[in-house]
Amino acid sequence: MGRGRARQDLHLRAEQVRVSRLTRLLESEKALAAALLAPGVAILVIFIAYPFVMALWYSLTSIRVGDPGHFVGLDNFTKALNDLIFQQAFKNTVFYTFWATIFKLALGMWLALLLNRSFRFKRIVRASMLLPFIIPTVLSAFAWRWMFDPTFSVMNWALYHGGIITDRLPFLSSGDWAMWCAVLVNTWRGMPFFAITLLAGLQTISPDLHEAAALDGANAWHRFWNVTWPLLLPVTLVVVVFSVIQTFSDFQLIYVLTGGGPANSTHLIATYAYQIGVGSGLLGEGAALSLFMFPVLFAVVWVQLRYLKRMENG
Amino acid sequence: MLIERKWKKWVFFYLPMAVFIVFTLFPFYWMAITAFRPDNELYATWRQPNAAPLWTLHPTLEHFVGLMKTTAFPTWLWNTMAIALVATGISLVCGMFAGYALARLKFRGSEFLGTAIFITYLVPQTLLFIPLADIVRDLQLGNTPWALMLTYPTFLIPFCTWLLMGYFKTIPKELEECARIDGATRFGAMVRIIFPVAIPGILSAGIFAFTLSWNEFIYALIFMSSADQKTVPVGVVSELIRGDIFFWGQLMMGALLGSVPVAIVYSFFVEYYVTGLTGSVKG
């Protein structure tokens with residue numbers, strides 16, 4: 001009995017020593033920081049850094065599903081550059097990103113200015129304006145696809161019965177129209193993000209500035225360009241950077257809306273990389289295609305980081 | 001304040017606002033009324049004189065029944081919910097820890113790590129999906145919920161870390177120092193003093209992460225192959241289009257039912273969501 005107790009005591013003391021050693025270790029800032037950062041960094045290394053290195057390696061080999069392939073140098077990249085569909089996809093991606101960002105910025109800014117006024121039901125209006133951004137893109141893109149349906153389109157119905165058109169509009173079945181439709185849906189989805197973020201920026205601008213400008217005789221348009229816009233520029237820049245990254249690498253909206261068609265007219269880099277890498281199983285070529293996004297994204301991120309640095313320094 | 005004439009307010013405020021509201025909400029309205037519309041009303045061509053597409057005359061539950069009978073929709077819904085919750089939980093814990101370390105602790109390389117995490121924040125899923133599919137398979141995670149529960153944090157952790165780091169920096173240091181004088185360990189002070197104060201920030205990060213997980217598509221599309229493992233977006237895409245035929249009634253019912261849970265969660269936490277959204281882009 002006594003011996004059992006002694007052993008228990010010993011055990012307890014060993015435990016205490018272990019615990020206190022751990023707590024003492026965690027009192028050191030460095031050790032605690034390492035322990036706190038470990039789980040997150042581990043996930044990011046395993047599922048972002050490592051796949052990135054693998055993507056680089058894949059892009060230099062002829063790997064395909066079930067065949068490890070061999071080193072081929074830059075063949076996948078030169079092949080992509082000579083691939084007419086890829087050229088088209090790259091141009092589409094730039095076009096899509098450019099116009100969608102312009103529209104999102106313009107409409108988002110306008111909406112933010114409207115929401116910045118006080119009116120009845122403001123909270124509920126603002127909350128419902130964010131819905132396109134909350135609802136899964138795939139699901140809302142289906143609603144749009146149904147609205148663009150060649151035979152049953154509600155928009156054709158409305159325009160026809162409103163006396164605006166006499167024949168149906170092609171929407172997704174014509175190459176030129178389909179791209180603009182995709183831009184429209186992307187704008188619809190991303191506009192709330194611009195509006196709400198810019199609204200938060202607007203709310204930090206003192207109304208006194210506007211009153212002062214108004215007393216000096218500036219009209220609403222001048223007040224916007226000379227007071228609001230410059231003060232809002234930092235927020236605007238950051239929102240645009242985020243949006244460009246999201247739009248440039250978009251996949252799901254096009255996948256649902258057009259699948260890249262008709263005749264590749266709406267393929268983006270990501271949807272084409274998916275088709276080659278997953279659809280045809282050419283992993284090396286698909287990885288190379290995806291990596292074409294990297295320089296553009298890198299440039300955008302670099303601008304963003306430099307900007308953040310400058311903000312910190314003054 | 002500036003005084004406006006009445007007609008001006010109509011032209012410059014009510015009218016554009018109304019257009020914005022219709023533009024924003026019409027697709028959801030259209031989704032909802034299509035979901036309850038019988039097929040003979042649904043497939044009335046746009047030119048038909050008596051077609052009244054803006055309203056459903058004889059609402060029906062046939063698409064709901066069809067969806068439940070022919071697909072594993074409830075399972076998809078459950079999968080999506082479970083994956084979103086677990087991925088959000090993992091990301092929040094990692095983000096709280098990492099955010100605290102970066103905001104409060106002095107150690108070599110902290111600035112570098114902060115920048116590195118910020119960069120991973122901006123890496124899109126479409127850049128890495130091909131090698132990631134192989135990694136997931138090699139780890140024996142393919143076609144299991146863990147494939148998504150562990151990969152979704154890759155885009156959630158950077159966001160949570162960034163947002164919470166900003167939040168922790170706004171909490172006065174004195175709070176911790178008092179606790180430490182009273183004998184609390186660093187870790188104890190973090191968990192018992194700082195985290196409770198940061199609950200609004202944690203809620204914002206959590207709600208935002210939850211909606212992002214619910215929305216994710218490409219990883220779920222590639223990593224999940226069997227019908228009973230799919231999430232709602234992937235299930236709707238792959239099981240409700242058979243060959244070239246779109247089952248529009250069921251598709252819209254599926255889209256509606258897949259949207260409602262996330263919309264409800266959002267409606268309870270709008271203010272937190274907005275904080276998360278605007279905080280997500282602040283440096």
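## Packing of α5(B) and α8(B)

In this predicted model, helix α5 (residues 110-121) of chain B packs against helix α8 (residues 153-169) of chain B at an angle of about 130°, and their axes lie 8 Å apart. The two helices, α5(B) and α8(B), are therefore oblique to each other, since an angle counts as roughly antiparallel when over 145 and as roughly perpendicular from 65 to 115. The crossing of α5(B) past α8(B) is left-handed.

On the α5(B) side, the residues that meet α8(B) are B:Ile117, B:Phe118, B:Thr120 and B:Tyr121. Their counterparts in α8(B) are B:Pro158, B:Phe159, B:Thr161 and B:Trp162. Sorted by class, this contact holds six nonpolar and two polar residues, with no charged residues.

## Domains of chain B

Chain B is split into domain 1 (1-35) and domain 2 (65-280). Taken over C-alpha atoms, the centres of domain 1 of chain B and domain 2 of chain B are 33 Å apart.

Four residues from domain 1 of chain B and six residues from domain 2 of chain B make up the contact. On the side of domain 1 of chain B that touches domain 2 of chain B, three residues are nonpolar, one is polar and none is charged.

## Contact between chains A and B

Chain B puts 77 residues into its contact with chain A, and chain A puts in 79 residues. Within the side of chain B that touches chain A, helix α1 (residues 6-35) of chain B gives the most, with 13 residues. By class, that side of chain B has 56 nonpolar, 18 polar and three charged residues.

Note on methods: Residues numbered from 1 in each chain as written. Chains lettered and ligands numbered in written order. Predicted model: local features only at pLDDT ≥ 70, side-chain atom pairs only at ≥ 80, totals over all residues. Axes fitted to C-alpha atoms, helices over the stretch in contact; angles between N-to-C directions. Helix = DSSP H or I, 4+ residues; strand = E, 2+ residues; numbered from the N terminus. Parallel < 35°, antiparallel > 145°, perpendicular 65-115°, else oblique. Left-handed = near helix turned anticlockwise from the far one by under 90°. Contact = placed C-beta atoms within 7 Å. Nonpolar A, V, L, I, M, F, W, Y, C, P; charged D, E, K, R; others polar. Domains from an automatic or database assignment.
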